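Student: I have a new model to look at. Please show me how to read it, one feature at a time.

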Amino acid sequence: MALRLRDESTAVQKRVQAKNPIGEVPRSIELSVCCQARDIFYHNYVLGSTKPFNFLQTFYLPTCKDEHLSRSVDAVALAYLNYQRQSPSAEEEARQHYVSAIACTSAALRSPDEAKQDSTILAILLLDLYEKITNKDPTFYGAWAAHLSGALTLVKLRGDQQFQDPSIVRMLMRLSTNLLISCVASGRPVLADLVALRNTLAAHFPTPADPKWRESDLMIEFASLRQDIEKGVLSDLDAILALIELDAKFVKLGKEAPPAWQYKTVQVEIKSSHHYESFHHVHPAEHVAQMWNTLRLTRLSINEFICFRCLALQRRQKSSPALLAIHQCATSAIKEMASDICATLPQYIEDPPLSLVQAFTETEPSHTTSKVETRTSPAGQPDPTHHLPCYRLIFPLFVAAQSSAVSPSMWKWVIKQLRFMADYHAIENAMSAAKILESGEKPEIWKVYAMLGSYAFVC
């Protein structure tokens, strides 16, 4: 009986298959360009506690009523895909989604209720990110300021209840950081409403031990002081004294960074082509390296200001031993910062010894000696996870190479590294930065920062 049942089952199965033939199961499913873009965007910007838009995880797969948010996600994701792959189809589709997102967001802003929704502020943040990826001119106020200023206005309308939600607090912290960077990059004064927002965030979500938050506070001081100097509010001597005081605050920030935010200095017996000197730094995470390089390039800029003001005073009056000592100290700081920026490169442009990275612990920074080992991915292809970390090194390297105290050997070495990034990692803007250095031009560094996409990539 059992055999007969099995035979009948087989016969029935054959008859069904004859009427409804089933094709072969496809070995792969081809994702749409938009799906690919969204996956890449989430991987690089959202998924993970240290990613700049990690708060977006709370709002993943927006509901239909949040069409302005979903369109904004698609617009920025496609723009980022176009940046990575130079895809005309992705670029065109990104532009279409952006136009649609602008229309949907404008409609949401006309509704008193929708305007105050979290999704609306998120959409505006993403539209601003789209602008940073696609527009490289920091003086174009329409693109660089309008979105974030609008979001700041909405935050004021929402009341204090919003500060009770940790996800919303992280979103507002990102808004404040991006707005601060926009002010610094475009040379505009820091808005009073931005300072008020940061004070409120600090009151509801104390971050005294977070070096990045403290660094942002110092960047506000830097932006304000730069404004006063450029407007002639301070005399050269007063400017020098104020700059020295601010530089000391950045030095203190580095010394007081918690163990988890420290790095190790590794001495090498044999330099690789990516070592400028016989040592490099190993950071426990990339966001730690970013914090330190921001500190270094800002200190470098501060000390460049000091040198310039010292020379201005020397031209107008007889040089004094004190003034010469200040100039010498500032020059030494510039050289030190440039050297430390270069020492960041080996960890991210090539793989350091795996054992060294795994052995890194949250202890006091120390000096280690090792031979340099280089690991490559299969078939000698670059590791795609190194693309963004390499990209984020372009601006600090450029600032180091353009500094007044740079040596000819460091200048040549930086250009060589930028060309390597362009050739091996296919980073087009690395070649653009190299060509600017080779041309001998001295553009304002924040214009180069804008050219590189600002915090769209360097966040």
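Predicted model: local features only at pLDDT ≥ 70, side-chain atom pairs only at ≥ 80, totals over all residues.

Tutor: Start with a definition: a disulfide is a pair of cysteine sulfur atoms within 2.5 Å. By that rule, this structure holds zero disulfides.

Student: How far is the nearest cysteine sulfur from Cys-35?
Tutor: The nearest one belongs to Cys-34, and it is 6.2 Å away. For Cys-329, the nearest is the sulfur of Cys-307, at 9.4 Å.

Student: What does pLDDT tell me?
Tutor: It is the predictor's confidence in each residue, from 0 to 100. Here the chain averages 83, and 81% of the residues score at least 70. Residues 1-9 have a pLDDT below 50. Beyond near neighbours in sequence, that stretch has zero contacts in the model, where contact means heavy atoms within 4.5 Å. Residues 351-379 also fall below 50, but this stretch has 49 such contacts.

Student: How many helices and strands does the chain have?
Tutor: Both are DSSP runs, numbered from the N terminus: helices are H or I with at least four residues, strands are E with at least two. This chain has 18 helices and three strands.

Student: Which residues count as buried, and which as exposed?
Tutor: Buried means under 20% relative accessible area, exposed over 50%, and partly exposed in between (1.4 Å probe, protein chains only). Of the 459 residues, 50% count as buried. Go back to the cysteines. Cys-35 has 29%, so it is partly exposed. Cys-329 has 54%, so it counts as exposed.

Student: Where is Val-190 found?
Tutor: It is in the loop between α8 (166-186) and α9 (192-204). Val-190 is buried because its relative accessible area is 16%. Leaving aside neighbours within four places in sequence, Val-190 touches Leu-180, Cys-183, Val-195, Ile-220 and Ala-223. The C-alpha atoms of Val-190 and Ala-223 are 7.0 Å apart, though 33 residues separate them along the chain. Now take the whole chain: among contacts with a separation of 6 or more, 72% join residues 24 or more positions apart.

Student: How is a pair of aromatic rings described?
Tutor: By the distance of the centres and the angle of the planes. Rings of Phe, Tyr and Trp (its six-membered ring) pair if their centres lie within 6.5 Å; planes under 30 degrees apart are stacked, over 60 edge-to-face, the rest tilted. The structure holds 13 aromatic pairs. Take Tyr-263 and Trp-292: centres 5.0 Å apart, planes at 90 degrees, so the pair is edge-to-face. Tyr-263 lies in the loop between α11 (236-255) and β1 (264-268), and Trp-292 in helix α12 (residues 286-316), so the pair ties together parts 29 residues apart in sequence. Tyr-263 is buried at 15%, and Trp-292 is buried at 8%.

Student: Where does a charge have to be to sit over a ring?
Tutor: NZ of Lys or CZ of Arg must be within 6 Å of the ring centre and within 35 degrees of the ring normal. The charged end of Arg-296 sits over the ring of Tyr-263, 5.1 Å from its centre. Arg-198 lies over the face of Trp-213, at 3.9 Å from the ring centre.

Conventions
Residues numbered from 1 in each chain as written. Heavy atoms only, no water.
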